Amino acid sequence: MTVALLLTSGAAQASCLPADSGTHMKSADPARFAAAVRFNPAPIKVGAPFVVNLMLCSAESAKVERIVIDARMPAHRHGMNYKPEILAKGEGSYEARGFLFHMPGKWEVTLAVTEAGNSKPHQLALELDVR
Amino acid sequence: MKALAAWGLLLLTCIAGASLTTAQQPSLLLTESEISQMLDHGPWPEPATRDPSNRASGNAEAIAFGRTLFFDKGLSITGTVSCATCHQPERGWTDGLKRGQAIGLVDRNTQSLLNIGNNRWFGWAGSSDSLWAHSIVPLLEPKEMGATPAHIARRISENPAFLSSYKAVFGISPNEADAETTLVNVAKALAAFQETITSGRTAFDDFRDALARGDRTAAASFPQDAQRGAQLFVGRGKCNVCHVGPAFSNGEFSDAAVPYFIEPGRVDPGRYEGIAKLKSSPFNRLGKHSDTRDEASSWATVHVEQRHTNFGEFKVPSLRNLTLTAPFMHNGSRATIEDVVRHYSEINVERLHADGERILEPFKFSAREASDLAAFLRTLSPRP
């Protein structure tokens, strides 16, 4: 069972991310927020829990107020059976637990970052093909 | 003219002969993509794992004690039924009935115990997060064994052999004043035994392993109808969306458009109720009876969340051992493997409660396709 990364656009503009920070997520506004993820264990196996290690940064030094991470299968119109929890580890590093993909196919990891003083969250996403 | 006819007859004979020879040669029908998907269903058997929430898991004395308890009718309040009343070894550890029949008629089909140890959730609704916690359910359920914790503690105390085994395994005496602990320990011994109930290799496993080592000649001996069925399984049938991995189940829950009325006016909410029961259970992995505080043991209980789409969802069963475990579905409403294939072939998507999910559709299998798919499913059971 393997996972292939399909969308990594935004990487070129995500200069605030360290070089070895993982797979870059697609960001609606990379200058505002950029994020990269690593999965543990990797590769992701269908039916097996995994942890998402997230690196988040802002080239414009935007202050993060709230982060929500989740995953869904767009084609099936459903998400996971579990609600992940994200913990700040400091210096833009986060750890999200409670992930399990219960079906093979295309999944999308979604990240909603709300900055202080702005109620509309920034959306980031990473599409994965999981077998 | 006669000569021409003779030549024609000879030619026909040659063609027929060639066709016969070709038909007799087993061939590997699967594409590389299909082969790759077959490999995901093995190897088998899976390695045995111990349950860290159960200190009796894997303990030989506990397994022997659990085996004895499993067949003991004295654990029931009436003294008339044991675990083995519904989970009969000679019937694939189920009972052959549409719905279980113990002290009373149970609401759901009796699930097989084969390979139960490697599950994440237990029961059709996943109301338990460990095998020991789920073993408590039938002990106390009035329609099943109808016992009380005090009855269980008395049964252990009054039987010298049980008393001796209990002390040996758990290092304490059963205590009616703390009957709940005795109940939990009895359930942990029962779970230790049930973890040893596994099924062996099948024709499919030989096929899958031949594919894994690149032995196309050996793989080609897998029956042609079963190979066509395997192609349907990972192709148009999309069966492997839910029936994944070596056990042919993702261990989760799905709405398969099976009616969820137990009887007129009484609904089985399935997973929706199962999550509520799990979260409120004093016997879940977050409770005081769990033998570990390790987060890896309880992560699923922490993170599972009840949603309205859980209504009418039931456990995705393993497809191994189907020839031993009929009838099928949570309510035992499908008598044969062919009936199950027909269910998915003609599925009524209007019955699906989970809105928006687009996995199932009427597959409209031809008679030959249905037969091929059933032939493949039979290869997932031990050879007769």
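Two strands pair if DSSP finds at least two bridges between them. Helices (H or I, at least four residues) and strands (E, at least two) are DSSP runs, numbered from the N terminus. By these terms, strand S6 (residues 64-73) of chain A pairs with strand S10 (residues 105-115) of chain A in the antiparallel sense, over eight bridges.

This is a predicted model, in which local features need pLDDT of at least 70 and side-chain atom pairs count only at pLDDT 80 or more, while totals for chains, interfaces and linings use all residues. Residues are numbered from 1 along each chain as its sequence is written, chains are lettered from A and ligands numbered from 1 in the order in which they are written, and side-chain values use heavy atoms, leaving out hydrogens and water.

**Strands of chain A**
- A:Ile67 has A:Val113 in S10(A) as its bridge partner.
- S6(A) also pairs with S7(A) in the antiparallel sense, over two bridges, and A:Arg72 has A:Gly79 in S7(A) as its bridge partner.
- S6(A) and S7(A) form a hairpin with four residues between them, and A:Arg77 in the turn has a positive phi of about 60 degrees.

**Aromatic rings**
- Rings of Phe, Tyr and Trp (its six-membered ring) pair if their centres lie within 6.5 Å; planes under 30 degrees apart count as stacked, over 60 as edge-to-face and the rest as tilted.
- The whole structure holds 22 aromatic pairs over all chains.
- One of them is the tilted pair of A:Tyr82 and B:Trp299, at 4.9 Å centre to centre and 50 degrees between the planes.
- This pair crosses between chains, from the loop between strand S7 (78-79) and strand S8 (85-90) of chain A to helix H13 (residues 295-303) of chain B.
- B:Phe204 and B:Phe248 form an edge-to-face pair, 5.4 Å centre to centre with 75 degrees between the planes.
- B:Phe204 lies in helix H9 (residues 203-212) of chain B and B:Phe248 in the loop between helix H11 (224-234) and strand S1 (253-254) of chain B, so their pair ties together parts 44 residues apart in sequence.
- Both B:Phe204 and B:Phe248 are buried.

**Confidence**
- Chain A averages a pLDDT (the predictor's confidence in each residue, from 0 to 100) of 87, and 89% of its residues score at least 70.

Definitions and conventions:
Buried means under 20% relative accessible area, exposed over 50%, partly exposed in between (1.4 Å probe, protein chains only).
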